[in-house]
Amino acid sequence: MTDTAASVHRTSNSHVQVLEVLEVIVETPSAVSIVLDVPDRLVARFRYLPGQFLTVQVPRGDGFVARCYSLSSSPHLDDQLIITVKRIEGGYASNWLCDNVKPGDRLTVLSPSGKFVPRSLHQDILLLGAGSGATPLLAIAKSALIGGSGAVYFYYANATADDTIFASELDDIMVEFPDRFTVEFNYDDRDGRPTGQDLASRLRPYRKFDAYLCGPEGFMEVARAGMTLAGMDSTHLHTEIYQSLAGDPFADIVIPEFEADADSATATVEVGGSTVEITWPREARLLDVLLSKGIDAPYSCREGACSACACTVRSGDVRMLKNDTLVDADLAAGLTLACQAVPVSDEVDIVFDQ
Ligand SMILES: Cc1cc2nc3c(=O)[nH]c(=O)nc-3n(C[C@H](O)[C@H](O)[C@H](O)COP(=O)(O)OP(=O)(O)OC[C@H]3O[C@@H](n4cnc5c(N)ncnc54)[C@H](O)[C@@H]3O)c2cc1C
Ligand code: FES
């Protein structure tokens with residue numbers, strides 16, 4: 001439907017779906033895993049890669065809030081989708097999900113997205129996590145061990161052994177893959193809080209591995225320092241930043257109608273295996289332009305917070321109106337957020353390869 005009065009094009013958000021809860025697994029006193037059923041008609045829509053996340057609608061008053069939760073399930077192993085939620089003190093959605101969700105409930109979600117995905121399952125992989133940051137790392141570990149051929153080293157920090165989500169599953173995986181998988185648990189009450197120096201000595205043997213880091217900001221800082229001290233090249237480092245969304249990614253997509261004679265750049269965009277040439281108005285965000293042309297580019301939050309829409313600028317310049325998720329190493333690798341990118345140069349070449 002075209003709303004000419006408002007000069008916008010409005011379309012329903014095809015990523016919004018409802019899934020039934022099959023099971024709720026109590027992982028620790030403060031974390032649950034929620035197992036979701038994917039009916040046959042939605043199997044294609046919910047195909048995912050290890051490390052990706054779902055965006056979940058959590059009821060609040062007359063409305064809801066939206067939160068992202070990484071999939072702890074592996075597409076190489078698990079039949080159902082599983083998200084794992086850890087309570088945040090004073091947090092709304094994490095406590096609501098832990099307290100209220102039960103089998104038979106229906107959760108409204110956006111289909112899987114995210115770029116925190118191994119480039120190859122066959123390379124050696126270093127996983128660094130703390131608390132609920134282990135969720136996407138478990139998925140990556142399972143997929144790399146089952147679908148790949150490299151070694152996987154997992155450093156996992158928690159306050160205590162009782163707080164450690166997936167502890168017995170990780171022990172079982174180590175028994176199953178003794179030559180390829182090593183997990184090292186750090187418990188603050190037993191080993192002290194990890195420091196950069198401590199991590200550097202542990203990580204040195206793995207400094208050539210491709211590294212995936214996820215956890216609370218304090219842990220991520222220490223881990224980054226440890227990796228630098230260990231001599232690791234920052235281009236090997238991939239991070240997932242957890243944060244709460246402020247907007248409504250479930251809303252209809254409202255795309256401004258761009259004036260045909262507006263000052264524009266031209267862009268070549270490779271997305272979903274096809275290459276398109278587009279006129280890109282200077283004030284328009286790349287994702288809006290692509291969606292307005294019916295091109296199904298990846299996205300979730302549309303507010304620069306989740307990196308689901310990350311893409312690589314192969315040539316030309318763009319600038320982001322907002323970026324709460326890409327880190328320096330991502331920017332150095334040429335990544336940008338399609339939902340926030342506007343053109344700077346007259347010609348831009350972009351690929352969705354994340
Ligand atoms: C890509 C991605 C993947 C994620 N994956 C996972 C996952 O697998 N598992 C997981 O558990 N989480 C995950 N998260 C985090 C998750 O989306 C939520 O951010 C988290 O559950 C907290 O949400 P909340 O509503 O409980 O907290 P919020 O209500 O959003 O609060 C967040 C923080 O702000 C503080 N706060 C809230 N209100 C105030 C206030 N008024 N004044 C001061 N401080 C305040 C809270 O105490 C809390 O520390 C992920 C996030 C992203 C972006
Ligand atoms: S869609 Fe979330 S950052 Fe662009």
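This report describes salt bridges in a predicted model.

## Overall count

The model holds 15 salt bridges, counting a side-chain nitrogen of Lys or Arg within 4 Å of a carboxyl oxygen of Asp or Glu. Side chains of opposite charge can pair when their charged atoms come close.

## Contacts of Arg202

Arg202 forms a salt bridge with Glu184, and the closest N and O atoms are 2.2 Å apart. Glu184 has a relative accessible area of 26% and is partly exposed. Arg202 is also partly exposed, at 24%.

The side chain of Arg202 meets that of Asp198 in a salt bridge as well, with an N to O distance of 3.3 Å. Arg202 and Asp198 are 4 residues apart in helix α5, so about one helical turn separates them. Asp198 is partly exposed, with a relative accessibility of 24%.

## Asp188 and Arg193

Asp188 pairs with Arg193 in a salt bridge whose closest N and O atoms lie 3.4 Å apart. Asp188 is partly exposed, with a relative accessible area of 23%. Arg193 has a relative accessibility of 67% and therefore counts as exposed, the cut-off being over 50%.

## A linked network

Salt bridges also join residues into a network, whose members are Asp78, Lys142 and Glu169.

Notes: Residues are numbered from 1 along each chain as its sequence is written. Chains are lettered from A and ligands numbered from 1 in the order in which they are written. This is a predicted model: local features need pLDDT of at least 70, side-chain atom pairs count only at pLDDT 80 or more; totals for chains, interfaces and linings use all residues. Side-chain values use heavy atoms; hydrogens and water are left out. Buried means under 20% relative accessible area, exposed over 50%, partly exposed in between (1.4 Å probe, protein chains only). Helices (H or I, at least four residues) and strands (E, at least two) are DSSP runs, numbered from the N terminus.
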